[in-house]
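Reader: Please show me the structure, and let us then work through some questions about it.

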Amino acid sequence: MTRLVIALFALLGLCFGATHTAYAEFKVEISGVGITQIPIGISEFKGADIAPQKITQIVAADLERSGQFKTSNPGTSIDENTRPDFATLKSKNIDGLLTGSVNRLADGRYDIRYRLWDTVRNQDLGGQSFIAFTPDLRLVAHRIADQIYEKMTGDKGIFSTRITYITQHANRHMLWVSDADGENAQAALTSPEPIISPSWSPNGNELAYVSFEGRKPVVYIHDVSTGKRRVLANFRGSNSAPAWSPDGKSLAVTLTKEGGSQIFIIDAKGGDPRRITQSGGIDTEPVFTSDGSAIYFVSDRGGSPQIYRIPSFGGPVQRVTFNGTYNISPTLSPDGKWMAYISRAGNSFKLSLMDLVTDKVTTLTETTHDEKPSFAPNGKLILYATKVQGKEALMTTTLDGKISAKLSGQTSTIREPHWGPFLKP
Amino acid sequence: MNKTFISLLLALLLTACASGVKLNEVPVVDKKGSDVSSGTSGSGMSEISSSDSSSSQQVQQPKSSVEPVNSLGNDKASNQDNLSAGPANVEKIVYFDYDSYTIKPEFQSTIEAHAQFLKANNRAKLSLEGHTDERGGREYNLALGQKRADAVRQGLTLLGVNAAQVETVSFGEEKPAMQGNDESAFSKNRRAEFFYK
């Protein structure tokens with residue numbers, strides 16, 4: 001029922017021209033104009049001032065960052081019980097209106113309620129109430145954004161998922177876990193030596209990464225809720241580029257123990273690695289397809305770094321990229337239709353996207369130092385590291401490259417992002 | 001989606017519009033929902049259609065909070081064996097050209113001096129640490145740095161050094177010798193270092 005209402009809503013409700021009202025206090029740097037953005041009015045939740053988090057603004061920023069919404073503030077603050085004045089809203093050219101309220105309960109928790117209205121068909125699209133303590137208010141806002149996103153686009157929202165990234169301040173290297181918007185960051189690891197390539201396990205409980213704290217690259221697996229970690233790969237030589245299999249039972253890693261950088265599969269509990277690739281040169285940056293049947297990786301076997309594909313139990317290797325002389329860091333969309341990667345053009349390193357059905361390639365960014373792309377778990381956004389005005393930054397972009405957003409958070413060095421999975425209850 | 005269903009839906013929608021919902025009569029009912037711990041995004045959440053009232057969920061402290069780990073000061077003390085100093089008065093760094101792991105002739109004497117030391121001291125353990133400049137991807141640079149370390153090891157074994165004495169590792173672009181993003185810094189960063197354990 002809901003899905004069909006959404007479909008009809010989308011069909012009937014495509015009109016444009018809403019003006020964007022900036023939420024001045026909440027800094028979100030978003031640029032670009034999408035082709036089919038849904039104009040949605042987001043009225044300040046009634047009583048929102050009492051909450052220590054700007055819930056309305058977090059929801060609006062989430063929806064803006066998705067590239068699929070154009071938000072505006074209709075100027076009225078009405079709660080979820082009040083039927084809006086549809087005639088006035090229609091004149092503002094918005095298709096949907098989010099209303100809600102925030103109340104503080106006697107025990108210190110907050111009751112946050114919302115309701116979404118179809119302002120084209122004068123229709124109530126439903127709502128929900130959340131009871132939460134202060135530390136979870138951002139999560140509630142992200143959940144509301146997820147629900148609005150799903151009601152209006154039919155796709156699952158990713159705003160309540162988490163990302164990981166690395167920062168460096170002098171000799172202090174830190175591994176962070178934050179909300180998908182880069183806020184609410186919690187430190188998982190602090191080290192005097194570099195950390196690279198953090199990668200979420202498919203269940204979202206663990207991170208695999210490369211740490212140099214033992215004066216060489218060693219792969220660790222780190223349980224983020226307990227802080228317990230274990231060495232996954234510390235073989236003679238270098239150990240790097242961990243990538244989880246979709247079932248979480250094993251990881252592909254790059255090891256040099258047999259000479260050269262080659263890809264091996266190792267059980268997540270440890271044990272003897274099984275070699276997958278056989279070349280005299282570099283094979284690295286493995287990533288599994290979402291069905292686990294194949295691995296994409298980077299190899300210089302053809303003279304320059306290019307992306308290849310191999311069955312995950314080994315076998316014939318197939319070349320995937322042919323344009324240019326430097327294509328690295330492949331990552332696959334959950335539906336397997338897209339491969340994002342970094343391609344060098346002159347002195348620029350650009351986030352590129354290949355349609356794996358047609359092999360058509362598009363360049364997605366205006367920036368020139370792009371690194372380490374990863375897809376949102378719904379496949380609708382790509383997270384990557386880059387430089388903006390000479391400073392390291394994390395950004396997201398839509399798959400058409402039309403809408404990009406700079407994630408807030410740390411200021412000086414920030415890199416190596418990886419987008420975590422949808423979390424199961 | 002068949003046509004009948006769509007028609008039915010349209011009818012439903014129209015009915016809903018026609019009947020309307022009176023102001024202030026959209027109740028928010030507190031159905032005690034299932035727990036929503038950190039990051040869950042759906043289970044127990046009833047799909048709310050236009051005629052439904054709201055359901056309620058308890059949002060609890062996220063189970064998956066992040067426990068910080070501090071490994072600062074965990075540096076392992078290096079072997080205090082006198083062999084860990086390596087050969088006296090010998091350079092411990094060789095430099096490479098861009099995108100290259102060929103050993104330049106001017107570093108051959110350095111490699112020969114280390115080879116001599118390693119052959120004279122069977123118990124000496126050498127770690128060759130490869131590095132790159134900052135251009136390019138971090139993991140690919142790690143593999144390039146490895147190639148540089150491997151090239152130096154090959155130079156040593158060609159001179160008769162036992163390969164078991166030498167471990168090759170890479171730091172990629174992670175440990176630049178010199179900060180900066182011009183060739184003067186890059187050329188100092190494309191290197192392999194001799195580290196005796």
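Author: A residue counts as buried if 20 or more other C-beta atoms lie within 10 Å of its own, and as exposed if there are 12 or fewer. The model shown here is a predicted one.

Reader: Is Glu416(A) buried or exposed?

Author: Glu416(A) is placed in strand E30 of chain A, which covers residues 414-419. Within 10 Å of Glu416(A) there are 25 other C-beta atoms. The cut-off for this class is 20 or more, so Glu416(A) is buried.

Reader: What is the phi of Glu416(A)?

Author: Most residues other than glycine have a negative phi. Glu416(A) is not a glycine, yet its phi is positive, at about 55 degrees.

Reader: Which strand holds Glu285(A), and what is the phi of this residue?

Author: Glu285(A) lies in strand E18 of chain A, residues 283-288. This residue is buried, because 33 other C-beta atoms lie within 10 Å. Although Glu285(A) is not a glycine, its phi is positive, at about 50 degrees.

Reader: Why does Leu383(A) count as buried?

Author: Leu383(A) belongs to strand E27 of chain A, residues 381-388. Leaving aside residues up to four places away in sequence, Leu383(A) touches several others, including Ile163(A), Pro373(A), Leu394(A) and Trp419(A). The class requires 20 or more other C-beta atoms within 10 Å. Leu383(A) is therefore buried, since the number of other C-beta atoms within 10 Å is 23.

Reader: How many Å apart in space are Leu383(A) and Trp419(A)?

Author: Trp419(A) is among the residues that Leu383(A) touches. Along the sequence, the two are 36 residues apart. From C-alpha to C-alpha, the separation of Leu383(A) and Trp419(A) is 6.8 Å.

Reader: How many residues of H4(A) are buried?

Author: H4(A) has 17 residues and reaches 24 Å from its first C-alpha to its last, close to the 24 Å expected at 1.5 Å a residue. The helix is largely enclosed by the rest of the structure, because the number of its 17 residues that are buried is 15.

Reader: Which residue just after H4(A) takes a positive phi?

Author: The place to look is the position just after the end of H4(A). The phi there is about 85 degrees, and the residue is Gly154(A).

Reader: Which residues does Arg138(A) touch, not counting residues up to four places away in sequence?

Author: Arg138(A) is part of helix H4 of chain A. It is buried, because 21 other C-beta atoms lie within 10 Å. With residues up to four places away in sequence not counted, Arg138(A) touches Gln53(A), Ile58(A), Asp179(A), Glu183(A) and Asn184(A).

Reader: At roughly what angle do the axes of H2(A) and H4(A) cross?

Author: In H2(A), residues including Ile55(A), Ile58(A) and Leu63(A) take part in the meeting with H4(A), where the partners include Leu137(A), Ala141(A) and Ile148(A). H2(A) passes H4(A) in a right-handed crossing. The two axes come within 9 Å, and they cross at roughly 45 degrees. That angle makes H2(A) oblique to H4(A).

Reader: What is the pattern of chain B along the sequence?

Author: Chain B has 4 helices and 7 strands. Of its 197 residues, 31% count as buried. Read along the sequence, the pattern is α-β-β-β-β-α-β-α-β-α-β.

Reader: Why do the buried residues of H2(B) lie on the same side of the helix?

Author: In H2(B), the buried residues are Ile111(B), His114(B) and Leu118(B). They lie on the same side of H2(B) because the arc they cover around the axis is only 65 degrees. On the other side, Ser109(B) and Ala120(B) are exposed.

Reader: What covers the buried residues of H2(B), and at roughly what angle do H2(B) and H3(B) cross?

Author: The cover includes strand E5 (126-131), helix H3 (138-158) and strand E7 (191-196) of chain B. The axes of H2(B) and H3(B) come within 9 Å and cross at roughly 60 degrees. The contact is made by Ile111(B), His114(B), Ala115(B) and Leu118(B) of H2(B) with Val152(B), Gly155(B) and Leu156(B) of H3(B). The angle of roughly 60 degrees makes H2(B) oblique to H3(B).

Methods. Residues are numbered from 1 along each chain as its sequence is written. Chains are lettered from A and ligands numbered from 1 in the order in which they are written. This is a predicted model: local features need pLDDT of at least 70, side-chain atom pairs count only at pLDDT 80 or more; totals for chains, interfaces and linings use all residues. Helices (H or I, at least four residues) and strands (E, at least two) are DSSP runs, numbered from the N terminus. The arc is that of the directions from the helix axis to the C-beta atoms. Two residues are in contact if their C-beta atoms, placed from the backbone, lie within 7 Å. Axes are lines fitted to C-alpha atoms, for helices over the stretch in contact, and angles run from 0 to 180 degrees between N-to-C directions. Angles under 35 degrees count as roughly parallel, over 145 as roughly antiparallel, 65 to 115 as roughly perpendicular and the rest as oblique. A crossing is left-handed if the near helix is turned anticlockwise from the far one by less than a right angle, and right-handed if clockwise. The expected span of a helix is 1.5 Å times one less than its number of residues.
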